[in-house]
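Welcome, and thanks for taking a look at this one with us. Please open the structure beside this briefing and follow along topic by topic.

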Amino acid sequence: MATSPSDPVVSIDNVRKEYQLGGTVTALDGVDLLFEPGSYTAVMGPSGSGKSTLLNLVGALDTPTSGDVIVAGENVARLSETERAALRGTRIGFIFQTFNLMPRLTAVENVALPLMFAEWSRSRRRERAETLLTDVGLGDRFDHLPQELSGGQRQRVAIARALSSDPELILADEPTGNVDTETGAEIMSLLRDANDRGNAVLLVTHERRIAEHADRIINVRDGVVEGIEQVEHTRPVGTEAEIGERAVGAGQETTGETR
Amino acid sequence: MKSRDGVRIALRSLTGHRLRSALTVVGIVIGIGTVIIFASFGTSVQTDVVGEFEDTAASEILVVTGDVGLDPDDGSFGPPPSPGNLDSFALPGVTTHDLEQLRDTDGVNAVIPRAELDAVTALEYDGQRQPQTVIATSPSAFPEDNIVRGQSFEQGESDQMVMTERAAAAFEGNLSVNDTVTIELGEENKTVEVVGIVSQARGGLNLVGGFSTEAYVPTEPYYQEYGETVRSPSQGVDQAAYRQVTLVAEPDRVTDTSSTVETYFEQESDAGQVIDGGVTVQSAAEIVDGIEEVLGDIIRLVSGIGLLALLVGAFGIANIMLVSVTERTKEIGIMKANGARNRAVMGLFLAEAVMLGLAGAVVGIPAGLAVGYGASAYAEVGFTVPYGWILVATLMGIATGVVSGLYPAWRAARVDPIDALRYE
């Protein structure tokens, strides 16, 4: 289980993933990737490029048809369903485009969800959740239900939840897809903060401007890695005005790709 | 996941759909309520009947001539499975000598012969003539508690009579103690004085209270003179012979005394020799057991019908849980992405189903008891709380939840998190 600081947090080695949908559909066709601890990587590609499949594999939600996916030192394909659940709950934090909060649980309970499944005591869970919610600026929304929160607030609850078990890896799937541009900028800034604290972040998006927040962009198309580019941050990343300006056109585009 | 957290989350889901949960619980309430209604009413009737019978008759041993097929060993009660020797049933056979022997038997407190005087056709009082059964018996048939007014007759007094309240009420003008009544005894008439009014007499099979319309006279002289006789093998003379005798035993020695009496009838008695097939000795305790058992069977049968209603409720839970699993597919995906094991997901849905079942029991049991109490009050029997059935009903509620929730919970646990997270 233990990984030394130099070991990659995710290692993808010659991974193929095929689906049987009437015929054989190849979603990933021999992918090799490494994600270092504390790295910030964006995976970019259009619909059907295989980036969602990649996310499912790295998130231990799915297993590859062939090749190895190693997350936090664990070969996902060799884990039982129960072990994969534990891996997801303690080593990986998920952030989704549609927030995916439990509708009948309060903000605190949502944040504490992974801790509940990891059998933390109730008081410790609450303490941890309150700290995280305060960090994301929701110190006055502890006991609100998701429906009582705005879209941006919901996504901030989701970010706090992704951070709750202080995982090695945070997976963010189009995290700004369902919020306005200003809120999108806040969310990208929170992700940057998390990364600065040492959590590796894997951001999946189809938007170049969002992808550019990462330090590295992996372009995926038709199930293969087309190219990897380093992003030079010449100016401070994530000022609100700048993001807002650039994301105007992106809103409509996003609605077409909710999956 | 800790089970306490599971219960809390499941409860949250149920209260999130109040109306739906309430309607589902109603199905279980009806099922469990029905079981409890029948069980509580049945148990009340059973306790009431048995209690009344035991008060007066727990220490009684009934001796009937002939083999009536009441086998004390098989514990059953009712028509004999294989009829005994019916030819010998209810022939006069227990002689005066037998009665004397029984009186001297250890453990026997009183001997109460009982015989209807066939020669009597009617009673006449103050110009009114009423057809009336007159029974010859002994003063022991009227213990203190049974006497409403006056006193018992005395053995050997031919001008004394006792009658039940109902028999007295049959005559207009409130027939009571000290009134004079004429017995039409075939061709002759006997004039007697009513010395006592009783609620009932010991020695009959007064199963359900004393509602008999009967008049009583002493066996001496009435049965000696007008009753049936047989030749006593032991005495060699004709003696009055009875079909039915009731022995009052020492309360704590009923079973012993019963077997002593049985042995006497088998080995020494006149009746055993006169009657082909001997006599049947049955202690009241055995009869009470028999009644209790029959009533218990009826309660079980009828309460079992309530289980059908519970079955309908179980389908209700299964149905609503399946709907719930489909509806909450996305939540299942969220939980799995956040580290929920399949077992935790299954446990959550199972907990919901069990809580629905348990809620049905918690509401259905008091509701059933309330209706059962009402029915008992209406039927004028004392109410008995059927504790055993309450336990059974609670367990049934839980079991219903488990059984009906198992498949939906299994379906929930098997949901693929990728599909679930995509689900809208």
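**Strand E14 of chain B and its neighbours**

In chain B, strand E1 (residues 60-65) pairs with E14(B) in the antiparallel sense, over five bridges. A word of care before going further: this is a predicted model.

- Within the pairing to E14(B), Glu60(B) stands opposite Val248(B).
- Strand E3 (residues 108-116) of chain B also pairs with E14(B) in the antiparallel sense, here over six bridges.

**A three-stranded open sheet in chain B**

- Strands of a sheet pair through backbone hydrogen bonds, either parallel or antiparallel.
- Chain B has an open sheet of three strands in the order E2-E13-E12, with antiparallel pairing.
- Its edge strands are E2 (94-95) and E12 (229-231) of chain B, each of which pairs on one side only.
- E12(B) and strand E13 (residues 238-242) of chain B run antiparallel and are joined by three bridges.
- Which residue of E13(B) is the bridge partner of Val230(B)? That partner is Gln239(B).

- Chain B has 424 residues, and buried residues make up 46% of them.
- Among contacts in chain B with a separation of 6 or more, 81% are between residues 24 or more positions apart.
- The peptide bond from Glu220(B) to Pro221(B) is cis, and its omega is near 15 degrees.
- Pro221(B) has its place in helix H5 (residues 219-226) of chain B.

**Nonpolar cores**

- In soluble globular proteins, nonpolar side chains tend to be buried together.
- The largest nonpolar core here has 129 residues, and those touching the most other members are Val71(A), Leu169(A), Leu171(A), Leu202(A), Ile32(B), Val345(B) and Phe349(B).
- Helix H10 (residues 342-378) of chain B gives the most to this core, with 15 residues.
- Not counting residues up to four places away in sequence, Leu202(A) touches Phe35(A), Thr41(A), Val43(A), Val58(A), Leu169(A) and Leu171(A).
- A second, separate core of 57 residues has Ile61(B), Val120(B), Val134(B) and Val181(B) among its members.

**Where the chains meet**

- Chain A brings 23 residues to the contact and chain B brings 20 residues.
- On the side of chain A that touches chain B, helix H2 (81-91) and helix H4 (113-117) of chain A each supply at least two residues.
- The largest share of that side, seven residues, comes from H2(A).
- By class, the side of chain A that touches chain B has twelve nonpolar, five polar and six charged residues.

**Helix H5 of chain A**

- Helix H5 of chain A runs over residues 122-135, and at 1.5 Å a residue its 14 residues should span 20 Å; the end C-alpha atoms are 20 Å apart, which agrees.
- Buried residues in H5(A) are Arg125(A), Arg128(A), Ala129(A), Leu132(A) and Leu133(A).
- Why do these count as being on the same side of H5(A)? Because they cover an arc of only 130 degrees around the axis.
- The buried residues of H5(A) pack against helix H3 (107-111), H4 and helix H6 (151-163) of chain A.
- Ser123(A) and Arg124(A) are exposed, on the face of H5(A) turned away from its buried side.
- Just after H5(A), Gly137(A) takes a positive phi of about 85 degrees.

- Ala72(A), in the loop between strand E4 (66-71) and strand E5 (74-75) of chain A, has a positive phi near 50 degrees.
- Ala72(A) is buried, because 22 other C-beta atoms lie within 10 Å and the cut-off is 20 or more.
- Phe99(A) is not a glycine either, yet its phi is positive at about 70 degrees.
- Phe99(A) lies in the loop between strand E6 (92-95) and H3 of chain A, and is buried, with 23 other C-beta atoms within 10 Å.

Definitions and conventions. Residues are numbered from 1 along each chain as its sequence is written. Chains are lettered from A and ligands numbered from 1 in the order in which they are written. This is a predicted model: local features need pLDDT of at least 70, side-chain atom pairs count only at pLDDT 80 or more; totals for chains, interfaces and linings use all residues. Two residues are in contact if their C-beta atoms, placed from the backbone, lie within 7 Å. Helices (H or I, at least four residues) and strands (E, at least two) are DSSP runs, numbered from the N terminus. Ala, Val, Leu, Ile, Met, Phe, Trp, Tyr, Cys and Pro count as nonpolar, Asp, Glu, Lys and Arg as charged, and the others, Gly among them, as polar. Two strands pair if DSSP finds at least two bridges between them. A nonpolar core is a set of buried Ala, Val, Leu, Ile, Met, Phe, Trp, Tyr and Cys residues joined through C-beta atoms within 7 Å. A residue is buried if 20 or more other C-beta atoms lie within 10 Å of its own, exposed if 12 or fewer, and partly exposed in between; C-beta atoms are placed from the backbone. The expected span of a helix is 1.5 Å times one less than its number of residues. The arc is that of the directions from the helix axis to the C-beta atoms.
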